[in-house]
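Me: I'm new to this one. Please pick a single part, look at it closely, and then show me how it connects to the rest.

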Amino acid sequence: MGVEMNRKAVEWSLRTLRRAWEARFGTRARPRGLDRGMTTSEYAVGTIAACAFAAVLYKVVTSGAVLSALQSLIKDALDAKF
């Protein structure tokens, strides 16, 4: 009996939600038809941002200070006595 009551409550909620949606957006606009992803311009901006971040990261990693720190870290690790 409890499962049947939950099913009826869910069906009622869905009907109410569908009516509210249709009252707001009309019967033509369905949630299935909405754009659910990034558009081409958003992909372009995201790609440019990723490339800019990669360029900055490359510059930081190849800078003299970071290279010397990495070299000293590797040197210390190889010279470790067990």
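Reply: Let's start with leucine 73, which sits in helix H3. Helices (H or I, at least four residues) and strands (E, at least two) are DSSP runs here, numbered from the N terminus. Keep in mind that this is a predicted model, so local features need pLDDT of at least 70, side-chain atom pairs count only at pLDDT 80 or more, and totals for chains, interfaces and linings use all residues. Residues are numbered from 1 along each chain as its sequence is written, and side-chain values use heavy atoms, with hydrogens and water left out.

Leucine 73 is exposed, with a relative accessible area of 54%. That label follows from the cut-offs: buried is under 20% relative accessible area, exposed is over 50%, and partly exposed is in between (1.4 Å probe, protein chains only). From its first C-alpha to its last, H3 reaches 21 Å, close to the 21 Å expected at 1.5 Å a residue; the expected span is 1.5 Å times one less than the number of residues.

Together with Phe53, Val56, Leu57, Val60, Val61, Leu67 and Leu70, Leu73 forms a nonpolar patch on the surface, with about 730 Å² of accessible area. Patch members have over 30% relative accessible area and no salt bridge; nonpolar side chains (Val, Leu, Ile, Met, Phe, Trp, Tyr) are joined within 5 Å, and like charges within 9 Å. The areas come from the Shrake-Rupley method with a 1.4 Å probe, and for residues only the protein chains shown count as cover. Helix H2 (40-61) and helix H3 (64-78) each supply at least two residues of the patch, and H2 gives the most, with five.

Now for the link between those two helices. Threonine 62 lies in the loop between H2 and H3 and is partly exposed at 34%. Its side chain reaches the backbone oxygen of tyrosine 58 at 2.7 Å. A polar atom of that threonine 62 side chain also lies 3.5 Å from the backbone oxygen of lysine 59.

The structure holds two salt bridges, each a side-chain nitrogen of Lys or Arg within 4 Å of a carboxyl oxygen of Asp or Glu. One joins lysine 75 to aspartate 79, with the closest N and O atoms 3.5 Å apart, and aspartate 79 is partly exposed at 46%. The other pairs arginine 7 with glutamate 11 at 3.3 Å. Both of those lie in helix H1 (residues 2-25), four residues apart, about one turn of the helix. An α-helix has 3.6 residues a turn, so residues three or four places apart point the same way.

Stepping back, the protein has three helices and zero strands, and buried residues make up 0% of its 82 residues.

As for confidence, pLDDT is the predictor's own score for each residue, from 0 to 100. The mean for the protein is 82, and 79% of its residues reach 70 or more. Among the elements, H1 has the lowest mean (80) and H2 the highest (91).

Definitions and conventions:
Polar contact = N/O pair within 3.5 Å; in protein donor to acceptor, adjacent residues only side chain to side chain.
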